[in-house]
Amino acid sequence: MTDAVPLVIVGSGPAGLTAAVYAARANLRPIVIEGLEAGGQLMLTTDVENYPGFPDGILGPELMTKFREQAARFGAEFVTADADRLDLGASPFGVWVDGRECRGEAMIVSTGATARMLGLDSERQLLGRGVSTCATCDGFFFRGQPLAVVGGGDSALEEALFLTKFATEVTIIHRRDELRASAIMADRAAANPKISFRWNAVVEEVLGNGSVEAVRLRDTKTDERSELDVGALFVAIGHDPNTALVHDQLELDEGGYVVTAGDSTATSVDGVFAAGDVQDHVFRQAVTAAGSGCMAAMEAERWLAAREHAAR
Amino acid sequence: MSEITKLTDATFDETISGSEQPVVVDFWAEWCGPCKMIAPVLEELAKENGGKLRIAKLNVDENPNTAMRYNVMSIPTLLVFKPGESGQEARRLVGAKGKAQLLQELADFVA
């Protein structure tokens, strides 16, 4: 077994990297397991216009590069690979990366969330060939075609509104009969003549040979099947917390998010803290993730100090 | 020298068939966020693997024909071409990936 460092941080989005900045400045010599998708969801966005301190906006990837540089400046160390396994049994907590074991007396879990997919084989096969999770990236390729968006939240409507620039028409497929989106977005979508809604409908199959040609829908009330001809299907049905590493070791809520104590980032395991989207299904903003990352680092620092004091 | 080759509809075929190393072509556009994420990674790859791998990029806005011909419907898409395979793609990688992940996916071609 290798010697334990004071703190290991798993995840490198705004939460993990803010925790790294604070922990490094507190001389906890944090090791950040940043993963293959280092930087988290912001790496897949364009302009971030609501992160304070950047009045003209900043590109998501650029913002994350700055976060990382700031943590590195104070001595945080980075491992650019995915964690294979965590051992949260007792401190020092273990993490295995590429077969190597690393232990931290305290640990911060900030593994974030991932865009949810429908989970269909046909969806996977046609991903990048008409099935997309990024309207701003891919809408361009489907100029002059009818398109569909599945989902009922703000991001689904945002995608649909964006796609009206290219599409002949956009159908929003939603499994309920009312939207989860904010009133302002719902009004905008309803007012757009190119947008129509298919309520109480789920996508049962994505159809097409080599590229998307249609989707097969099932009406959730009548069980009736129908086909809708579309050139592309954009999936915007929310996010799932990335808890594969911890689901059997930390207490999760019914939505699968890591449970933290009120006003705290403490998890069900003493010495393990959780920050960012993996424990937040309410706000899910870069700035709230960063805030909880700061909390986690400060709580880890206090926890380590108290333990050292008790051992004396 | 600049390590990344800029391709156009006009130069694409010639460059691919004339290369002695495998060519990775990044299909991208100005308005695509994930493309911006992958750009610096490709620059690093180009610098570090200059002898073994040629990195090229093609702007799909300005060069729609090549994108259409290869059925690129999502960007970033990376297509890998091996020498002597007359423009037949050897691998297709869709979506932005980190450096480590890309290196893993491209390992077969730089061996």
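Biologist: Is A:Arg284 buried, partly exposed or exposed?
Modeller: A:Arg284 is partly exposed, with a relative accessible area of 34%.

Biologist: What should I know about the model and the numbering?
Modeller: This is a predicted model, in which local features need pLDDT of at least 70 and side-chain atom pairs count only at pLDDT 80 or more, while totals for chains, interfaces and linings use all residues; side-chain values use heavy atoms, with hydrogens and water left out. Residues are numbered from 1 along each chain as its sequence is written, and chains are lettered from A and ligands numbered from 1 in the order in which they are written.

Biologist: Where is A:Arg284 found, and what is its phi?
Modeller: A:Arg284 is found in the loop between β19 (272-274) and α7 (286-311) of chain A. Helices (H or I, at least four residues) and strands (E, at least two) are DSSP runs, numbered from the N terminus. The phi of A:Arg284 is near 55°, a positive value in a residue other than glycine. Most residues other than glycine have a negative phi.

Biologist: Which residues form a negative patch?
Modeller: A:Glu37, A:Asp82, A:Asp84 and A:Asp98 form a negative surface patch. A:Asp84 lies in strand β6 (residues 83-87) of chain A and is partly exposed, at 49% relative accessible area.

Biologist: Changing topic: how many salt bridges are there over all chains?
Modeller: The count is 15 salt bridges over all chains, a salt bridge being a side-chain nitrogen of Lys or Arg within 4 Å of a carboxyl oxygen of Asp or Glu. One of them is between the side chains of A:Arg103 and A:Asp87, at 3.2 Å from N to O. A:Arg103 lies in strand β8 (residues 100-109) of chain A and A:Asp87 in strand β6 of chain A, so the pair ties together parts that are 16 residues apart in sequence. A:Arg103 is buried at 9% relative accessibility, whereas A:Asp87 is partly exposed at 24%.

Biologist: What about A:Glu204 and A:Arg225?
Modeller: A:Glu204 and A:Arg225 form a salt bridge, with the closest N and O atoms 2.9 Å apart. Because A:Glu204 lies in strand β14 (residues 201-207) and A:Arg225 in strand β16 (residues 225-229) of chain A, the pair ties together parts that are 21 residues apart in sequence. Salt bridges that share partners join A:Glu204, A:Glu205, A:Arg216, A:Arg218, A:Asp223 and A:Arg225 into one network.

Biologist: Which cysteines does the disulfide join?
Modeller: A disulfide (a pair of cysteine sulfur atoms within 2.5 Å) joins B:Cys32 to B:Cys35, with an S to S distance of 2.2 Å. The structure holds one disulfide over all chains.

Biologist: Why is that disulfide called right-handed?
Modeller: The disulfide is right-handed because the torsion about the S-S bond of B:Cys32 and B:Cys35 is about 85°. B:Cys32 is buried at 0% relative accessible area, and B:Cys35 is buried at 3%.

Biologist: Finally, what is the omega of the cis peptide bond that joins A:Ser91 and A:Pro92?
Modeller: The omega of the bond between A:Ser91 and A:Pro92 is about -5°, and A:Pro92 is in the loop between β6 and β7 (93-97) of chain A. The peptide bond from B:Ile75 to B:Pro76 is cis, with omega near 0°. Most peptide bonds are trans.

How values were computed
Buried < 20%, exposed > 50% of the residue type's maximum accessible area, 1.4 Å probe, protein only. Patch = residues over 30% accessible without salt bridge, like charges linked within 9 Å, V, L, I, M, F, W, Y side chains within 5 Å. Areas by Shrake-Rupley, 256 points an atom, 1.4 Å probe, with all protein chains shown as cover. Lys, Arg positive; Asp, Glu negative; His and termini not counted. Charge placed at Lys NZ, Arg CZ, Asp CG, Glu CD.
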